[in-house]
Structure formats: C-alpha cells, structure tokens
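Student: I have a model open and would like to learn how to read it feature by feature. Could you walk me through it?

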Amino acid sequence: MEVGKKKMLKSLISKVIKGLPLFLAPNGARTRRVCYVSDIDEENENATWVPEDVKEGHFAVIAMHGEETKRFVVELDYLTDPAFLKLLEQAREEYGFRQKGALAVPCSPEELQKIIENKRLN
C-alpha cells in the first residue's frame, strides 16, 4: 500500500474512532466510555463515547442516499476492501475529512449491504 494511502487510512480510522458521538447510538442503546492513552494529558482526560453495539474492532457507517439512510456496524477489515475504499473516496470528495460521528458514505443502504455481503462470501 502506498505511503499516502496508509496515512489517509490511519487518519480516517483515527477520526472514526474519536468521532463517534452518543447521539448516533440507536434509540435506547447503551454506550460505553473508551479512553485512549493518547487522549489523556495531565490536566484533562478526554474520552470517546462509543455505542454498545460498536464492538472492539468495528466502526459505524451510515449509508446515505437522498432521504434514505441506514446505519451499519462493520469490522475494520472493510477498510482494505476495494469496493469499500471506493466508497471512502466518494465520501472524501462529497463530505471531506471534517465528518464528525459515524462515517457517512454516499450510497444507498442496499449498495453498502451488497459490499458487506460480497466481502463475507470471499
């Protein structure tokens, strides 16, 4: 993998992990507090609230196509899938790197579901 793509991927993963806000948890879902050593300084402890359904090694993705949206929780392995990487490029072009919370990708929920199913089959 090229150095530039590795940096972009590392930055994206960092933003996904740090940007999961409480309001993205499904209605009534519980959250847990996750604190990273790199987020702690002597005066202030920063923590990220992660919805209970986002297990370790996973992240939340929201497929958005017009008014149609659906939230998915996927394994980090999808960050190396060519079809998913294409969606990330489209998200970067459409939304930039300033997204907060779950990662939003510009595709229909059905399209993201197909990518997830195809990866599971392979």
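**Reading the model, starting with a salt bridge**

Tutor: Gladly! Let's begin with a charged pair: R92 forms a salt bridge with E89, and their closest N and O atoms are 2.9 Å apart. Keep in mind that this is a predicted model.

Student: Where do R92 and E89 lie?

Tutor: Both are in helix α2, 3 residues apart, which is about one turn of the helix.

Student: How should I read the accessibility of the two partners?

Tutor: Look at the relative accessible area, where under 20% is buried, over 50% is exposed, and partly exposed is in between. R92 has 32%, so R92 is partly exposed. E89 is at 27% and therefore counts as partly exposed too.

Student: How many salt bridges does a search of the whole structure find?

Tutor: The search finds 2. The other pair to look at is D53 with R71, whose closest N and O atoms are 2.7 Å apart. This pair links distant parts of the chain: D53 sits in the loop between β2 (48-51) and β3, R71 is in strand β4, and 18 residues separate them.

Student: Let's step back. How many helices and strands does the chain have, and in what pattern?

Tutor: There are 3 helices and 5 strands.

Student: What can I say about the chain as a whole?

Tutor: Of the 122 residues in the chain, 33% are buried. The accessible surface comes to about 8,400 Å², with 51% of that belonging to carbon and sulfur atoms. And if you take contacts between residues at least 6 apart in sequence, 50% of them join residues at least 24 apart.

Student: Now the interior. What is the general idea behind a nonpolar core?

Tutor: In soluble globular proteins, nonpolar side chains tend to be buried together. In this model, the largest nonpolar core has 18 residues, and F59, V61, V74, F84, L87, V105 and L112 have the most contacts inside it.

Student: Which elements each supply at least two residues of this core?

Tutor: They are β3 (58-65), β4 (68-75), α2 (82-95), β5 (103-105) and α3 (109-121). Helix α2 gives the most, with 4 residues. There is also a second, separate core of 5 residues, including V54, A60, I62 and A102.

Student: How do I check the geometry of a helix such as α3?

Tutor: Compare its length with expectation. At 1.5 Å a residue, the 13 residues of α3 should span 18 Å, and the end C-alpha atoms are 18 Å apart, which agrees.

Student: And which residues of α3 are buried?

Tutor: P109, L112, I115 and I116 are. Viewed down the axis of α3, its buried residues fall within an arc of 125°, so they line one face of the helix. They pack against β3, β4, α2 and β5. On the other side of α3, K114 and L121 are exposed.

Technical notes: Residues are numbered from 1 along each chain as its sequence is written. This is a predicted model: local features need pLDDT of at least 70, side-chain atom pairs count only at pLDDT 80 or more; totals for chains, interfaces and linings use all residues. Side-chain values use heavy atoms; hydrogens and water are left out. A nonpolar core is a set of buried Ala, Val, Leu, Ile, Met, Phe, Trp, Tyr and Cys residues joined through side-chain atoms within 4.5 Å. Buried means under 20% relative accessible area, exposed over 50%, partly exposed in between (1.4 Å probe, protein chains only). Contact means heavy atoms within 4.5 Å. Accessible areas come from the Shrake-Rupley method with a 1.4 Å probe; for residues, only the protein chains shown count as cover. The expected span of a helix is 1.5 Å times one less than its number of residues. The arc is that of the directions from the helix axis to the C-beta atoms. A salt bridge is a side-chain nitrogen of Lys or Arg within 4 Å of a carboxyl oxygen of Asp or Glu.
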